[in-house]
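Dear colleague,

Please find the structure below, handed over for your records. My notes on it follow directly after.

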Amino acid sequence: MFQVRIHGRGGQGVVTAAELLAVAAFDQGRHAQAFPSFGSERTGAPVVSYCRIDDHEIRTREPIDAPDAVIVQDVTLVHHVDLFGGLSPTGYVLVNTSLALGELGLDDTLAALPDGHAAACAATELALAHVGRAVPNVPLLGAWCALTGELPLEALARALRHRFTREVAERNVAAASAAFDLVRDLKEAQRAPTA
Amino acid sequence: MLQQLEGSRAIAETVALCRPEVVCAYPISPQTHIIEAIGAMVKDGRLSPCEFINVESEYAAMSVSIGASAAGARTYTATASQGLLFMIEAVYNAAGLGLPVVMTLANRAIGAPINIWNDHSDAMAVGDAGWIQLFAETNQEAADLHVQAFRLAEALSVPVMVCMDGFILTHAVEAVDLIDQAVVDSFLPPYEPRQVLDPDDPVSIGAMVGPEAFEEVRYLAHLRQLDALELIPSVAEEFAALTGRASGGLLHPYRLEDAETVIVAMGSVLGTIKDAVDARRRAGERVGVLGVTAFRPFPVVAVADALRGARRVVVVEKAFSLGMGGVLATDVATASPDSGGDLATVVAGLGGRPITRRDVEGILERSAQGTLPRLSFLNLDEDVVARERARMAASRRSGPFAENVLRDLAGGRAHR
């Protein structure tokens, strides 16, 4: 089972992100379960959503305490919310920021992860450029596909086209694709021989 | 067709397939998405002919449902928590009058303290109202139960409440196979009311009944509940023959053969419990779980049969009767008095507190060790309780206890 926890703030599409992941996984013939953290959410308040992906039926209903990936949609949550609690030692971290990962003061968390398991993505900027709204959820999902390899970008694109009307869907697909390419290139650069 | 969709959407789509003629509901979390979706379907004509009636309260929602059903319309509504309590007089009336309204209850805790999260306090509060109460384990079962609910309600002239865990199911996006319209139509014949308000053939419904007949009228309603014990399994079997799915019925036994310890529970927590049972089985322990689908009528004989081989019975329930203990547990004890001394109740998941597989494995471990008390509260923070008890002992004006506990937690450690 692959478990994703998404942190953000009300209004950033945190719940929608988990739902889109679940639909993309379903598109691939996999079992998926997305659910929000059930608060009385309001705009700007910290929000958490979850998505489980598995090759077998998912029966558990407990929250995700030990995620395989954490997506941080709002960098201002860093150091205010326990974002990485329970993160698998082989897990993935994806942060929406235009800064470099090294500038976030997360070195202890990130150093514990395997190489190539963490990435920064300027998702808000990508969303503004492609969608025209500062909602970072979809570009982050594109970046997540590249970072983890858990789902292909095409599955996410189909989930977006299922969810949104034509023009909005295509803008979101463009934003997700741009983020996917950036992270893929980043990973390839990291993988390049340094000796 | 198998689709990945929100539980609330699956319920709305399925209810629409059942062709209700009147839907009347008042929005309340976590039921809201169901009603919004049905309202939209009525407005855009996807659900037609159907009248969606806006009202000012849950009391009105159930009252309108009673009127619509008495006029011969297939009638649907939905609520949760405080909304159910607000309509409770009419809830009793719908059952007492024998009107086959179908209602989704998106299970949520009851205040005070105000809490929007899931537990089963709301359903338990109306366990004696005369409604059939069916609990769903998954969104697939919740959807399927609605089709069966209309069939049962109309066959028996008894209202049916489909209970599904608020947020945990209503807001979960997972795969649900939406049943074909043709299958629903073949399974659910047009509503033929046993009684109907018809100007061309006038009757009155809702007589004043004195001591000379009240007991008989109530007993007749009880007999219809007992009829339901027969009909619920046969309707579920017929549904399974059409869809291949074992949704509904009285009970869902899981790995009970040779089980020495059996957990009894209702609703979505059964999935987590099954994972725990599988884990303990792999460790060689003889454990199983009995899911109760029909809480009302309560399947006394079937529960006794299912628990016959068990040495220890643990009821894990998301509600309790203050000053007494488990509600489901009391019914299980009535059904299976042999398990008496070895029946433990674990109250869990109150107000949305998570129940994890590790929690359930811990319960099974303590049960095996003989250290599980007859009544316990899962993950109860004894320190917080003790501190408030101390404040109450120390000062007459100790203040409101919910606020005190929250302040205590905020000052001490982080609370989830």
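In helix α1 of chain B, the buried residues are B:Gly7, B:Ser8, B:Arg9, B:Ala10, B:Ile11, B:Ala12, B:Glu13, B:Thr14, B:Val15, B:Ala16 and B:Leu17. Here a residue is buried if 20 or more other C-beta atoms lie within 10 Å of its own, exposed if 12 or fewer, and partly exposed in between, with C-beta atoms placed from the backbone. Helices (H or I, at least four residues) and strands (E, at least two) are DSSP runs, numbered from the N terminus. Since 11 of the 11 residues of α1(B) (residues 7-17) are buried, this helix is largely enclosed by the rest of the structure. Just after α1(B), B:Arg19 has a positive phi of about 55°.

Please note that this is a predicted model, in which local features need pLDDT of at least 70 and side-chain atom pairs count only at pLDDT 80 or more, while totals for chains, interfaces and linings use all residues. Residues are numbered from 1 along each chain as its sequence is written, and chains are lettered from A and ligands numbered from 1 in the order in which they are written.

An automatic or database domain assignment divides chain B into domain 1 (2-243), domain 2 (251-377) and domain 3 (382-411). The C-alpha centres of domains 2 and 3 of chain B are 32 Å apart.

Helix α9 of chain B (residues 214-243) has 30 residues and should span 44 Å at 1.5 Å a residue, which agrees with the 42 Å between its end C-alpha atoms; the expected span is 1.5 Å times one less than the number of residues. A kink of about 30° lies at B:Glu230, shortly before B:Pro233, the bend being the angle between axes fitted to the seven residues ending there and the seven starting there. The buried residues of α9(B), among them B:Ile232 and B:Phe239, pack against β6 (132-135), α7 (139-156), α8 (181-187) and β12 (294-296) of chain B. Contact requires C-beta atoms, placed from the backbone, within 7 Å. Just after α9(B), B:Gly244 takes a positive phi of about 75°.

Yours sincerely

Technical notes:
Two residues are in contact if their C-beta atoms, placed from the backbone, lie within 7 Å.
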